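Hi everyone, thanks for coming. I'd like to walk you through one protein today, so please have a look at what's on the screen.

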Amino acid sequence: MEFKNSVRSFALFAFLLLLLCVSGCEYGSKVWHEAQQTVDPNPEINLKHGGLENPDDNKLALLFTPVDAKILSLCEVLSTVDSHPDENWFKLLFMRFPWISGVLTVDDEASILVKLPEVEIKPFKPGPLIEYEGDWNEIKLKSFVSYSEFGPEMYLATPFFKDAVFKGLVVVHFDPRILLNFCPDPKQLIIMQPDGGGVWTGAEDINKKALLQIDWDELLDENVRGVVTVDGQRYVWLSRYIGDTQIVYLTKAISKKDEDDGLLFF
């Protein structure tokens with residue numbers, strides 16, 4: 001009898017886990033404008049949840065960590081690339097990260113070897129990557145954001161080799177705005193690339209121009225975390241790197257303190 005109960009319990013657990021995985025994949029594959037229709041317009045973030053003592057840091061952590069986890073996971077997969085991927089690798093990539101726009105591989109002369117999907121909306125020329133003034137034998141991941149009339153696109157490039165000789169690049173790309181899908185409340189999170197001019201958020205009342213006019217070069221030269229004020233509103237921010245692209249996560253501060261006495265550790 002105990003054995004049968006154990007089997008039933010395991011089967012129920014496996015079924016619930018499957019439902020969770022399937023629902024997660026379906027949600028992750030939706031584009032941002034669809035997420036606006038499906039995400040709870042008034043979600044509640046429990047700031048009293050055990051975590052950081054500073055309420056501003058705690059709020060930002062709850063908002064950005066699910067987003068950051070997706071990026072870190074993708075970067076981790078790319079960091080394991082050594083030789084040119086096979087067909088199964090590409091299939092698993094899209095299964096694990098259904099939110100990416102596509103992937104391509106190019107040889108050491110910038111000729112495309114594989115391109116999935118074959119047709120893309122946003123233009124991309126791999127030549128500048130191959131001509132990068134660096135040693136691909138020492139660089140594991142390079143990244144940049146391209147801006148066009150069709151919107152921003154982030155590219156992550158990692159080298160592959162044959163007999164320890166550099167042979168080309170694997171390039172994965174995605175629209176950074178889709179990352180907001182993974183935030184529990186996209187209207188409270190801002191994702192920026194200060195040196196590229198990109199500001200992505202689910203909020204409609206954000207003064208993007210004023211945020212970009214902040215002297216981020218000076219701030220990011222000395223700090224990875226801080227508080228800035230725009231139009232009388234305080235924002236707590238944290239800087240992270242995706243490859244060699246520096247991005248900044250921000251959210252409106254909820255404390256009334258003027259002094260920046262919080263520290264954020266991850």
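First, a bit of housekeeping. This is a predicted model, where local features need pLDDT of at least 70 and side-chain atom pairs count only at pLDDT 80 or more, while totals for chains, interfaces and linings use all residues. Residues are numbered from 1 along each chain as its sequence is written, and side-chain values use heavy atoms, with hydrogens and water left out.

So, what do we have? The protein has seven helices and ten strands; these are DSSP runs numbered from the N terminus, H or I with at least four residues for helices, E with at least two for strands. Of its 266 residues, 44% count as buried, and buried here means under 20% relative accessible area, exposed means over 50%, and partly exposed is in between, using a 1.4 Å probe and protein chains only.

Now the inside. Which residues touch the most other members of the largest nonpolar core? They are Leu-74 and Leu-189, in a core of 38 residues. By nonpolar core I mean a set of buried Ala, Val, Leu, Ile, Met, Phe, Trp, Tyr and Cys residues joined through side-chain atoms within 4.5 Å. Helix α3 (55–79) gives this core its largest share, nine residues. Apart from it there's another core, with 16 residues, including Val-199 and Leu-220.

If we skip neighbours within four places in sequence, Leu-74 is in contact (heavy atoms within 4.5 Å) with residues including Leu-93, Trp-99, Leu-156 and Phe-174.

That Leu-93 takes us to helix α4. Its buried residues are Trp-89, Phe-90 and Leu-93. They sit on the same side of α4, because they cover an arc of only 100° around the axis, the arc being that of the directions from the helix axis to the C-beta atoms. These buried residues pack against α3, β1 (102–107), β2 and β5. On the face turned away from that buried side, α4 carries the exposed residues Glu-87, Leu-92 and Met-95.

Last stop: Phe-124, in the loop between β2 (112–116) and α5 (127–130). Is Phe-124 buried or exposed? It counts as buried, because its relative accessibility is 15%. Leaving out residues up to four places away in sequence, Phe-124 touches Leu-104, Leu-129, Phe-144, Tyr-155 and Val-171.
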